[in-house]
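Have the model open and follow along.

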Amino acid sequence: MERINNVKNIIKLSSLILIVFLLSCVQNKKRETIIVASAGRIESLDPAQANTLRTLQILSALGDTLYKINKEGNLSPNLAKDLPKISKDRLIIDIPLREDVSFHDGSAFNAEAMKFSLYRFMKIGTLNYLLNNKIEDIEVKDEFLLRINLKEPSSSIKSLLTSVNLTPVSPNSYSNYKDKFNNKSFIGTGPYSLESFSSNQQIIKPFSNYWGKRPLNKGIDFVNYSNSNTLFSAIKTKEVDVLISNSIDDMQRVALNNMVKKGKVNSGEGDPIEIGFITFKSNTLPLEKQKIREALSYTIDRELISQKVSFGTREPLRSIVPPQLHKKESSPWSKYQPKLARTLLKKEGYCEKDILTIPLTFRSNVPADKLLALTWRDQIKRDLSDCIKISLNGVESTTVYKQLSDGAFEAVILDWTGAYPDPEAYLTPLLSCTKIKKSTCLKGEAVFSGSFWGDNQVQELLKKSEVLEGESRLNTLKNIEKLAAEGSSYLPVWLVKPKAWSLKNISQPEFSSNGLIILKNLKRE
Amino acid sequence: MLWIISSLVFILLRIAPGDPVDAILGNRANEFARESLRIKLGLDKPLINQYLEYINHLIHGNLGISLNTQEPVQVIISKALPASIELAIFAILIASFVGYLIGFLGAVKPESRIDFLGRIFGIGTYALPPFWAAMLIQIIFAVSLGWLPIGGRLPPGMSLPPSVTGFLLVDSILNKNIEMFFSSFEHLILPSFTLGLLLSGIFSRSLRLNLEEILKKDYIEAAKSRGINESRIFFKHALPNTLLPILTITGLTISSLIGGALLIEITFSWPGIALGLQEAISQRDYPVVQGIVVIISSIVVMISIGIDIAIAYIDPRISY
């Protein structure tokens with residue numbers, strides 16, 4: 001009996017020691033830097049390779065772009081000293097550069113450095129086709145004057161120059177990386193310099209020789225967690241200061257928004273840059289018939305889907321360009337009209353005997369896609385069960401992308417984020433086509449987007465828009481959208497706004513026009 | 001065996017739908033950009049040439065270069081593997097301690113309350129879905145009680161020490177960084193405890209059953225009839241004879257854990273080999289997937305050989 005008591009006492013003592021040890025481990029240190037968390041790992045800090053929002057987010061703090069889009073939606077100089085000067089034939093762009101900028105390695109920023117960075121991107125950049133399609137060559141006219149010669153007039157090139165992918169890198173530090181990626185370091189001109197890098201954590205500190213407005217904080221520690229649940233828990237337990245919304249599940253977004261209402265956290269919201277839509281393959285029956293596609297475009301109850309899938313956090317969308325880029329309200333796609341859909345389908349011989357069966361593919365690794373597919377299917381079952389039947393098919397996203405241009409999917413749920421804040425960055429990737437036969441695109445972006453929809457008028461207007469500026473350009477782009485809505489090969493569903501949440505002792509996150517948090521404005525209060 | 005595995009992985013990856021070029025460029029790059037990247041990555045070559053090149057490199061100990069990051073696969077594995085091994089070692093220690101203790105107590109007092117609870121524990125932990133258990137433990141100990149960190153290997157803001165062994169606990173001691181040692185230990189507790197707890201059920205059940213069977217053997221009855229002390233029978237005669245199956249189970253569990261406990265690594269954002277493998281598969285990063293599978297297979301083969309040698313050493317009846 002005595003022995004058993006001794007054992008019990010030993011167990012009690014061990015437990016006590018363990019608890020004291022664990023509690024002593026909990027860190028109570030006062031943080032000076034700001035910890036920003038997002039989902040997924042960062043494998044490369046090379047702007048020529050960056051294509052995820054989390055990588056662009058950190059690069060936006062480490063580097064500067066030539067231009068920025070201001071709150072009014074206009075181009076404003078950043079590393080450039082002034083707005084670009086465009087020749088009369090619109091084939092030459094002269095960009096004067098700031099003279100007081102230096103790289104993190106101490107070398108000076110000038111036209112040579114900018115030329116080096118642009119050529120490097122054009123050579124090895126994973127999105128290099130964005131520039132290669134437009135730029136003929138680049139010249140250094142003066143130490144601080146860069147000239148870009150275009151292959152053909154391009155109004156969108158100015159917005160392209162706001163892309164974080166084109167942030168300059170130091171020719172001195174990248175001399176060995178002219179034609180290969182430099183994944184683990186970054187030497188740019190931005191307000192922060194990189195202190196340490198691993199795929200799960202990146203530490204950046206204010207750059208003392210920064211030419212512009214200095215950061216309001218003492219540095220940012222980026223941490224990358226592998227799932228939404230851990231991210232949500234991390235801000236709830238105050239383990240991190242700021243949470244970026246990419247890859248946060250809708251349920252947790254709602255929970256975070258409730259925390260904002262209760263005053264537990266701050267939140268900031270940027271202009272929406274991501275659109276969610278359904279692509280219809282328009283080159284085979286039955287969706288080859290425009291009337292059937294049009295009928296389908298009347299069948300989606302976007303408000304209901306937004307509420308059911310995202311509790312209203314994703315805004316219903318009836319255009320394929322985020323609204324702020326139009327500068328005026330524009331919703332060329334129709335609202336939910338099941339009666340009209342039925343009338344059209346009856347004319348095509350459905351609803352009485354035949355039921356139109358649409359196989360809808362969704363990306364199985366994107367939870368919102370699956371919920372959208374399920375909700376739309378049930379909504380159609382409720383309203384139009386005698387006319388349409390949706391059958392669902394989940395496929396992993398990498399496989400979906402591979403098979404889009406093979407025409408493997410009758411209808412597929414996708415999303416798109418423009419590489420720069422301009423309507424063209426949304427319209428061209430979905431609609432441009434270089435070879436059209438009847439209404440079918442045989443070669444071009446419309447093939448890669450899986451719609452195979454081609455329209456000669458759209459192509460003419462896309463070309464025309466490149467030589468226009470201002471209001472007339474925007475009107476032309478709106479006309480393109482109207483034609484796309486009539487073609488009904490895409491069905492816009494929702495709009496996703498970038499959002500971030502911060503603890504109460506951290507300032508409210510502010511966003512730039514390209515949907516990235518302005519990290520230097522984050523402040524510990 | 002390794003040749004068959006590496007060839008199978010090579011073939012299966014190429015058969016699987018999806019393209020590394022799409023994974024890298026996204027779905028909107030034009031055909032020229034795709035083709036250029038395909039040539040750059042060597043994916044334009046005939047499959048047989050790619051295979052021969054891969055086997056040739058493998059024979060020379062070269063696992064290739066990641067298609068995604070252009071980093072040598074050896075480097076990627078050398079960063080992720082120590083994290084998985086560290087987690088596996090601690091999980092096995094916890095599982096062995098908890099599992100064998102419960103199994104032992106159950107076998108000592110069969111049909112007692114402790115035996116009954118031990119059996120429920122064994123079945124329960126075996127049946128628990130790992131992701132659910134992990135999330136539950138995370139919510140209780142990290143979110144509600146706030147005793148331990150949510151995930152990761154180190155607290156935010158703390159940089160990794162210069163890598164000597166890759167094992168954070170060891171490296172922090174070698175770098176004389178006590179704060180880092182405690183921090184990394186603290187981060188290790190929840191994932192290893194969860195994994196250990198889930199494995200302990202198998203351990204307790206196997207020890208309990210083996211011990212029960214051995215306690216019914218004639219030589220145990222004979223020992224009892226000779227009046228030998230019960231605890232001596234237990235520790236000197238019964239327990240050593242249960243060692244063989246236990247050693248096999250422990251060894252195989254270690255091998256499977258070094259391959260990574262995917263759901264645990266995902267839930268706790270543990271940067272181990274399983275998380276790396278999952279990401280490489282989703283990005284169709286062929287060399288990384290092939291490299292990880294070959295390394296894991298080699299480790300499993302080595303551990304299996306090690307177990308066979310250990311069994312032969314322990315049990316004089318077995319010889320090779």
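In this predicted model, the C-alpha centres of domain 1 and domain 2 of chain B are 35 Å apart. The domain assignment puts domain 1 of chain B at 2–59 and domain 2 of chain B at 73–314. Where the two touch, domain 1 of chain B brings twelve residues to the contact and domain 2 of chain B brings eleven residues.

Looking at the domain 1 side of chain B, the elements that put in two or more residues are α1 (2–15), α2 (20–25) and α4 (47–59) of chain B. The largest share, six residues, is down to α1(B). Sorted by class, that side of domain 1 of chain B comes out as nine nonpolar, two polar and one charged residues.

Now over to a helix, α6(B).

| Class in α6(B) | Residues |
|---|---|
| Buried | B:G118, B:F121, B:G122 and B:T125 |
| Exposed | B:R113, B:F116, B:I120, B:G124 and B:A127 |

Which side of the helix do the buried ones take? They cover an arc of only 100 degrees around the axis, so they sit on the same side of α6(B). The exposed set is on the other side of α6(B). As for partners, the buried residues of α6(B) pack against α5 (73–108) and α9 (178–215) of chain B.

Key:
Residues are numbered from 1 along each chain as its sequence is written. Chains are lettered from A and ligands numbered from 1 in the order in which they are written. This is a predicted model: local features need pLDDT of at least 70, side-chain atom pairs count only at pLDDT 80 or more; totals for chains, interfaces and linings use all residues. A residue is buried if 20 or more other C-beta atoms lie within 10 Å of its own, exposed if 12 or fewer, and partly exposed in between; C-beta atoms are placed from the backbone. Helices (H or I, at least four residues) and strands (E, at least two) are DSSP runs, numbered from the N terminus. The arc is that of the directions from the helix axis to the C-beta atoms. Two residues are in contact if their C-beta atoms, placed from the backbone, lie within 7 Å. Domain bounds come from an automatic or database domain assignment. Ala, Val, Leu, Ile, Met, Phe, Trp, Tyr, Cys and Pro count as nonpolar, Asp, Glu, Lys and Arg as charged, and the others, Gly among them, as polar.
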